[in-house]
Each structure stands twice: as C-alpha cells, then as structure tokens.
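Here is a short report on one structure. Look through the sequence and the model first, then read on.

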Amino acid sequence: MYRVSADIGGTFTDIVVDDTENNNIKTIKVLSTPDNPANAVFNGLNSNLEIENIDFIVHGTTVGLNAFLERKGSRVLLIMTKGISDTYTIARGDRKELYNVRYSKPGTLVPRKDVFEVEERIMWDGSIKTKLNENDLSKIADIINREDIKAISICFLHSYVNPQHEIQSRNFLSKLIKEDVVISLSHEIAREWREYERASTAVMNSYIGPVTNNYLKSLQKQLEGSNYKKPLYIMQSNGGVIRAESALEQPVKTLLSGPVGGTIGGQALAKLIKRPNLICVDMGGTSFDMSLIINGKPSVTNETEQEFIPLLIPLVDIHTIGAGGGSVAWLENEALRVGPRSAGANPGPACYGKGGQEPTVTDANLFLGRLGKESKLGGWMDLDLNASENVLKNLSERLNISPVELAEGILSIINAKMADAIRTITVKEGIDPREFSLVAFGGAGSMHAVWLAEELEINEIIVPNDPGTFSAWGMLQTDIRRDLTVNFYQNFQSLEKQKLLENFNKLKNEATELLKSENVNESDMSFNLTADMRYIGQEYYVNVDINKNIDLDEINKNFHSTYEKQYGHSTPEGPSEFINLRLIATGKIKKSESVKSIENDETIKDSKRKIIFNQKEFETKIYARHNIKNNQRFDGPAVIEESTATTVIPPNYSIIKDEFGNIIITKDK
Amino acid sequence: MMKKADPISTEIIRNAFISIAQDMNAVLIRSAYTPVIYEGKDCVVALLDEKGEVLGQSSGLPLFLGNLQVCVQETAKIYGWDYFKEGDIFFVNDSFFTGTHLNDITIFAPIFWKKQLAGFSASRAHWLDVGAKDPGGSMDSSNIYQEGFRWPVTRLYENNEPKKEIIEFLRINGRFGYSLIGDMNAQIAAGKTGEKRFQGILDRFGIDLVKSARDEIFRQSEELERDAVKNIKNGTYYADGFLDDDGLGSDPVKINMKVIVEDEKITIDLDGSADQTQGPVNCGFAQTISACRVAFKLLINPKRPVDGGTFKTLEVTAPKGSIFKAEEPAACQWYFSSLGLLIDAFVKALSGSAKELSAAAHYGDSMVIFIGGVDPRNNFPFLSVEPTCGGWGGFEGSDGADALINNVNGGFKDLPIEVFENKYPVSIFNYGFRENSGGLGKFRGGSGLYREYTINTDGFVSLWFERSVTPAWGLFGGKDGMPPNVNIKIPEQTEKNILKANGLQIKNGTVLTTYTGGGGGFEEPLERKPDDVLKDVKNRYVSIEKAKEDYKVIITKGLEVDYKATDELRNK
C-alpha cells in the first residue's frame, strides 16, 4: 500500500510516495498543470502506481491562494449589523506608510456597495437588544437571486459570544436562495472579538469558497473514478490536515497551506534525530521563508495579515522576506545594495541567458564556483557562466573592487539580511538562536545555510534528504488537527476554577465531535488547552499552556514566566486577565517507519572544481549525494550535489551523513 | 585618518542598524501596557552613536522623527559627555527640553563597548497619565504646572540598579501608577534589545570599522537629499492657516510660513506665527524642528530610512516666544495641533513648484475624545482616550483616502466596537462614513467619519476637535473638505454642538456623536470623470442629487450615467 502527498508549485508538482510495505519513499516530479492542478497529480500517479493501492492521500491546495492573489475570487456580499457596517470599509483607519501625503488604502475584497445592513443588535454580554429583522434579510435575498451572487458572509456584532442571529439568518436565507451559494458565518470561521478582522476572515472564506470547493469536488470525483476508496486529506495552514469534506466548510483554513509542509517536515525531523529546537529556512528564487520548531513543536500564531487583509486563522508562523537567488545587486548613490528587488524568472539572473543585465545572488554563486556551471538549476535550467562574469565585472568596476570581492560581498550582504530576519523572529519569541540547529531546504537554502549559521553562531546545520521536495515529504508526517477558540474575557484574580473547567469541557466535547466526524478513534485523540492572557490594560497577549489538571496557581506562574521569556520583564504582582481559550485537538494518523532513500541520479557524478572561499581559490571535492554512505565523515571545503539542490560547505567545517541520510554539518572547534 | 569602510561591510552595517531599530520598536510595542502605545503607536525608538547622531530609528509616530538625539545632545551640553556611565538609564519629560508634552517620556541609556562609550539606545512613549490636573491631561491648561510632573534629565538606573525612590516617586504621581511602571519597563526592555544587538555588531566589526561605515552611511543619505532638493525650483513660497483657538476660547491662532528653496537647501521660516498662547497649543522648538522634518520627509525621499546624514539640507527658524518656540511657563498639552497644520502648510507652499508630489490638505488633527468615569459593571474607574480618523486630500491620479488617521499620528488603529464595549460602559450603535464630507474635485477629498457613543454611566467627557476655521483646503481648483462637528445630548439638557470641552460632566444615557472633516479636493470638480462620480454614487459616498448639483453628472435611477444629459449640463 502507498501513502501519498502532493505539493503543487508554480513550475513543478512534487509527489512523494511512501511504499509502506517495502519501507521505501520515492519522489515523482511532474510539470504543474495550472488550469487544473489535479491533472498533474493524476499524471504523476498513474504513470507510477495503481491509484487503488493508495490508502492515504494528502494534498496541499493553492487554488484558493491563487484566486486571492490574482483577485479572481467570487463576488461576495457582506451582511453586518445595522449602523456599523462601514467598519469593514474603514478597516481601522491606520496608515501602513508614515511619510506619504499621497497614500491610498490597500482596499478590501468587498466594495462598499456590496456591504448590506440588517437590523439586529447583540450586546457585549450576549444579551439581545434588538431582534433580528427578517424583512431586511428578504430584501437582501432578492438581490442575491437577481444578481446571481455565489458567496455571502455574515458578521454581526458580538456573535462570538452569542451566535444566534447569524445562525437564524443562515436558516432564513437558505430557504430563499440557491443551494450552491456559500454562506460564511463569522462566528464559525473565527470565534473571536474584533468585528473588522472577523468580517474580513469570513469574507475571505466566501471569496475563495466557490473556486476551492469546485476544485476539491472535482478532485474527489476523479479519485473515486480511479477506485480510490479512502478519504482525501487536505493540508491546513495550522500544520494539520482535515478531510476534504471538512475543508469544504472552511476553505480559508487551507489558504496558506503551501509552505507549511516544510515546517511540519522540520517537526518530524526534530523527533527523528532528537533535536527539539530547529530554525527551518527555505530559500527560493525570490523569497526566503523562516519558521521555528521550539521544544519539538512548530510555532503557530493565531492571526495573520495577507496583503494587508487580516485573517483570524491559526497558522504555522512562517516569516518571509524578499531575499532569494534572484535578488539583484544594484547601486544607489555609489553604494552597494542587494535586493529586495528580484530579477524574478524573467529575465531572471544574468546566467539564465534571458537578457538579465544585473548581477544576482545566483550569478555570484555561479561565478565563485559554488554552483557548478554544469548543474541544472531546479533540475532543468542551463546556466551561462560568461553572462554572470560580465555583469559582475561591470558592477565591480564602478565600485572599484574586484569581481571576486563583489561576488562574495553580494553573498555576505544577502546572508546578513537573512540572518537579521532570523534574529528578528527569535527576538520576538524571546529565544536564543544559539540553542537551535538550522535546517535548510528548498532550492537555494543549503547553498547559504552554513553562512547563516555562522552569523547566528549556530553550531549545527542539517540538510535533509532531497531538500527540494522536503515540503511534500513533510505533509506525510502530519496529523488531523482542529483549532477551537472561545472568547473568555475574565479577570484572572476573580476567576473560579469551575468556570474555566466548564469552558474547557465544552470546547473538548465540541472538538471530540469534530474529530469523530473525521473518523478518529477516541484513543487517538489528544487535546491541548491554552489561554491568551495579558496584564489588564494591554492589548497584545501571550499564549499560555494550561495543563490537564487546571491548577490556577500554575496557570498564573506560567503566565508570568511566558511573559518574562518573551519580553524580558514581567510584573508578578500585576493583575492579569484572560481573553480567549484555545483548544488544539489532534487526531493521530498512523505513519510509516519508512526512511527516504536517495534516488540514483546518474547525471550527477563525483568530481572536483575550483571554488572561491574568502577570496582564496580551493580545489574542492564535489560529492554526488547518492554516493555518500551513511555515517561517512569528511571535511570542508566540499560541495554536495543532488538533482534539486546544492549544498556548499566552506573550509573549517566537517560533514557527516547520519543513519537517516541527513547531511549534518558542524563547525570545527 | 581612519580607513574608509568597504562597500560590503558598510551595507551589512547599514542594514543591521535598521533591523536593530525595528527589533527595539517591536519589543516596546508588544510589551507596553497602555493602548496609546500599542494601538496608537505613540512612540519611537532609536539607536544613536556616541555623539547622539541617529544610526537607526523606528517610529510609530511620525511626529517624533529625528527628535531623540536632541535629548542626548542637550544633556551632554549641560553635563559633558563623560557624565554617562556604564549601567545608567535616564529619564526626561520636560517640554522645554524635549519639545513635546509632559506625557511623552524619553528614556535613554549609554551603550558601552570594551569600557568606551559607543552609542545610546533611546525611546519615547506616551504615558497615559503623568499627574496633570485632569486625568490623562487637560484640554484647558494655561501653564505647564497644570499638565503633570515635569522632570529634567534624571537617573532611573545607576550601575544597573534601579533607583527605587525615583521610580516610586513617578509611580505615585500618576493616576495609573501600575501601568506607568509597565510602560517604563517596556521602554527599558527596548533599550536593552538595542544595546545587545549593537554590541554584537561592534564585536563582529570592531568600533573603528563601524564608525567609518557610519560616516559613509551618513554621506550617502546627505547626498541623496541634496540631489532631491535640487529638483525643486528655487524660490520663496508662502502658506498660512489658523487654529480655531488656543483651547481657552481665544481668537483663531495664526501660523505663518515662508519656505525658501535655494539650490540644495530648504529653509522654513515661521516668522509671523502667533505669540505663545495662554492655552495649551504651544511647543518647544525641538518638536517644531521634528514637525518640519516630517513635512520635509513627505516630499523628499520618503522611503529612505532616517540617520545622522538626513535633514542636513533643512534649516528651521521660529521667533522666540512664539507658539513654535515657547518658553516657560507656556502650556504644551496640545502641542501637535499647530504642528499638524504646519505640515499641511508646507505641502501647500511647495505645491506650485512640485505639483506631482503634493496633495490637498487632510482633515487636520487627532480629534481626541476622552470618556471617563466609574464602570458600573465592576466599580473600577475607566478612561478611554481616542483619536478619530478623517478624510485626506485628493492628489494627481487619485481621490484622497477615506477615514485615515491624521499626519502626526502613524500606525494608529481605531478600537473595535466589540472591544470598546467590553472595556468601557459605552455602546457604539452608529459608526460610518460622513456623506458628502470630502472636498469636491477632479480627485475628491477623502470622506470623514461619524461615531456615536451612548454612555451608560455618569462621568465626564473631554474633547479636542480642531480645524473648523481652516478646514482641509483644496488645491488647483479643488474645493475644501467639510469641517468637524461634535453633537452632545445629555439627558434633561438641551443638545449642543461643541468642538472642545474639558471634563464636561455627563449623565447616564448621554449620546455623543463626533463628525470628522473630509479631505480637500484636487483640481476642478467639473473635470471629474462621470464614471468616477457614478462609482461614488454606487458606493453611497455621493447621492444622485449631489452628483448633479456638485459635479453636473446626471445619473439615472438604474444607476447609469446619462452621458448626453451630462455633456449638455456641463457645457451649458
């Protein structure tokens, strides 16, 4: 039998197949099919195995994200409480740029003309001040039918504490409008206060709802047609999976699932090689993604902003900056700058031979020999060393330095930028990067990893097997996960334990039902309760773990120490309060013990070439990764090549390939 | 002479300075106790060099641009540079020293590396209450002594030890002493973050290389600015405007500006502006300079980070004893109202020679509302302090932004109704755009807002609404935006419209409705494209009647433009 994951990228779709009977993992790389991304998956699978022999499929979908990024989602009609519906368009009134008299707001997904009001009002304590006026809804139903609107969101004030009117509205409307209209209720999508952010999340759910749902339904049909009998699982932004049926209800929760696989892979790796603290970095052509595994768990945040649109959804905390192989080196007033501008894919770096006239990070790597001129970038692109040399020479003359100095300088600047970005995320979490190992994957990550580690004084760098498809492998390592929240605005000092317990049990029962609907056995369920807490008067909160026995003193202690850890100070005598209770419900999925094997790529052979490190040329050994034996140890300088990535190790580092096939690089003492 | 830093180290160090300031700011905002800082972003942090020049700065509040170095440099002027010892942390809030009101607390600390003074960390944040005669600050103070405790530069820490007596002194002089200490600790934590990161840079590159990289970074900034200023036509330009009053019911208060552009240099001369007033609209000169820098930054290299090389081409002069260079004992609580107007005036003055960079005026001031009392739900005292958004001016190619925070504020976000109603015994039943408030123009001014508060307890309201005498002006034929208004209905009293109030006593059931102004329009309204007018009608910013009256565009009941009738009407 097989366990299968599919990660759909812009150019390639990566499929990882875990053959559980033969304990063997293999990778299939096929060209993506943007019109219907599922076609690539079927093409890849059909030519390699019998689909009916698969008993687990997990899939990361980018259909919704693309619809959002290209603004090709559905027209959404938003319904809010009478008198305050402009809160959505006001969007809280902040300026994203401080010095700009010609500032324009980023804009919302629903124009003001499509925001409607309904008479009703629920108060802060959940009491009803004004009953829902169904006449207002009837009028809106007429518009929905007349203008053939396919997606609706409803966000009433204080629905996170009393959802009655939102539910009543859906029941009333569904009798009057077509069955295929997506209706998103804000309290179901994000049970938290803040009407603008909650409305915005519900709107996103509706906006990408129809396109995501059509896609998932057609994929399911195709799978059934191929005699696949088991459930289809969808990757969520929170790092867990849910069944496609559940994903249909809340597509917004799968919106940012794309890069999550890598972090979840990091989590599995942390367990496998017993390194609980990892900094995961993924460097591609235009962007650099960072995420953290702390004590064996990915860091997950409960809200995000995408292109200035706030979303109250739990997601694996992945930070991105504009730094990648395509980052351009340029001059501003005779001073050298690198990035954030990228040459993109077109014209791309000069070495792509498509007319790029500015040197990029990839050109610097090629010029210094760190990237071999025979290597095929991403497995397919030929490189033109002369072009790189020319553009570097031109720029270096203007700076009055040698091309080698410039090329190494470009890399130093981009590495320092990436290291600064890593520092910033660790500062915010209150952690010390020196206690972490660095895991590098993605196309360019392992070419820069050692230098990032050097900057951050990290001692150990890990390059997993086949780093180019690490994300897809990560998806196979997930469990079912549901995140539940309840608003619990409570002064801690006057809190009764009983009240906390009641709320916890309520959440737990709700979560148990959800997991049951995913066919999880009770013995495979686990629950993790946390609380958002802060000192009275604050707005931002820290997320505090609550142990099973719910001991108030312990919660109090945890709060102050979590706070101290993040901010460097705390006020143990200060009064505190709860805002939300959050429950993470996990349904364990059985995984295999298979270790990924290296595919023999005959085009890659052991060799030697000259590489420049620190302005000196070294005759450097090039290792084909499949030729390195487990537990084999060797020293830098060295380069390890495989079809999807190149790992560069400068002098004074040593390398070992561990029993699982990971490359582990450490600095010589 | 010191060796010139190579371009690569220089760029790495430059990026690091920017990143250090951002980390400091993140620590401050995330750990602050009061909403004025974490929501209002009423704060700034900076990393300074050993002479107090800016290496990196991150500002939540534009108005604090380039102001922290003054505190360090003035302190050194008084006591000398060897006054700063390892393990010191300083505190200051005197308005005539910092330029701003007493609520803005500046905390700075020397950073040492290998026993030598290498730089400073500094931050400034608005503390909710510093012991003024009224909670949070007064709308009607007539001298600085009514506005709170006033401290010269004072050590908070010595030898890394807190001076407990001083901190206790501060604590008991604020009405919310506990949050005051929290905000102080947040500022100290931000400083520590800066210190640690800066020392890391020094460890790696050594102090000589860092200094020579700094010189190169300053040179780059200065030259970039000189190049940008050269593009503005030489000449002398003028603008003026009026504040409604000084807060104590005076006549309108004049601000007068002359801008001289001469090759690579810009001089802002504020001669002719009002003498310092009895009411609290005065400010110290340090803050006037900052405001001029904000104005300058709006037009000159707005995206370039600020450092010690910036603003070398800008000179500011103001008459001694005027509202812009006030002297003891002038009241300074609302120092920023005149500065917001000053910033708008600068853009207006240069608009004739830099039309493509300019925009019509915005609604103008923070429009602050205080609501206070005792919350009947838990018997705790509460105080809500809120600025309000309004419309911004139109500009070439675009309408002004609707409902945006004013120019002296930055990342402020309005408080969600749901959070507001949980925190305070107040209901907000109506909040939205104020129809037809944006000034007419080919590119219209942005829309102002109304916000209606129903207050469910006895208590008080204080108001600071401005710019009814000089509402947001239009440019190049665009019309002015609508001025602000506030309506208050206290049970059993006649309803009234007022813009300013200090501690006005209110009864349970009082309804307060605030209306903020719109932005000014840009170019002639009759040049506005009929389709843009139609879009406004569809989105309910403009009524069909107003479309005809103001823009001479005929829109049918089916929401379509009648082009023929429009042409006829427009060509009549």
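In this predicted model, seven bridges join β30(A) to strand β31 (residues 616-624) of chain A, and the two run antiparallel. Strands here are DSSP E runs of at least two residues, and helices are H or I runs of at least four, numbered from the N terminus. Two strands pair if DSSP finds at least two bridges between them. One bridge partner in β31(A) is A:Lys621, which faces A:Lys608 as its partner.

The model is predicted, so to speak of local features takes pLDDT of at least 70, side-chain atom pairs count only at pLDDT 80 or more, and totals for chains, interfaces and linings use all residues. Residues are numbered from 1 along each chain as its sequence is written, while chains are lettered from A and ligands numbered from 1 in the order in which they are written.

**The sheet.** The open sheet has four strands in the order β30-β31-β33-β34 (chain A), with mixed pairing. β30 (607-613) and β34 (645-649) of chain A are at the edges, each with a single partner strand, so one side of each has no neighbour in the sheet.

**The contacts.** Chain B is divided into domain 1 (7-223) and domain 2 (359-528), with bounds from an automatic or database domain assignment.
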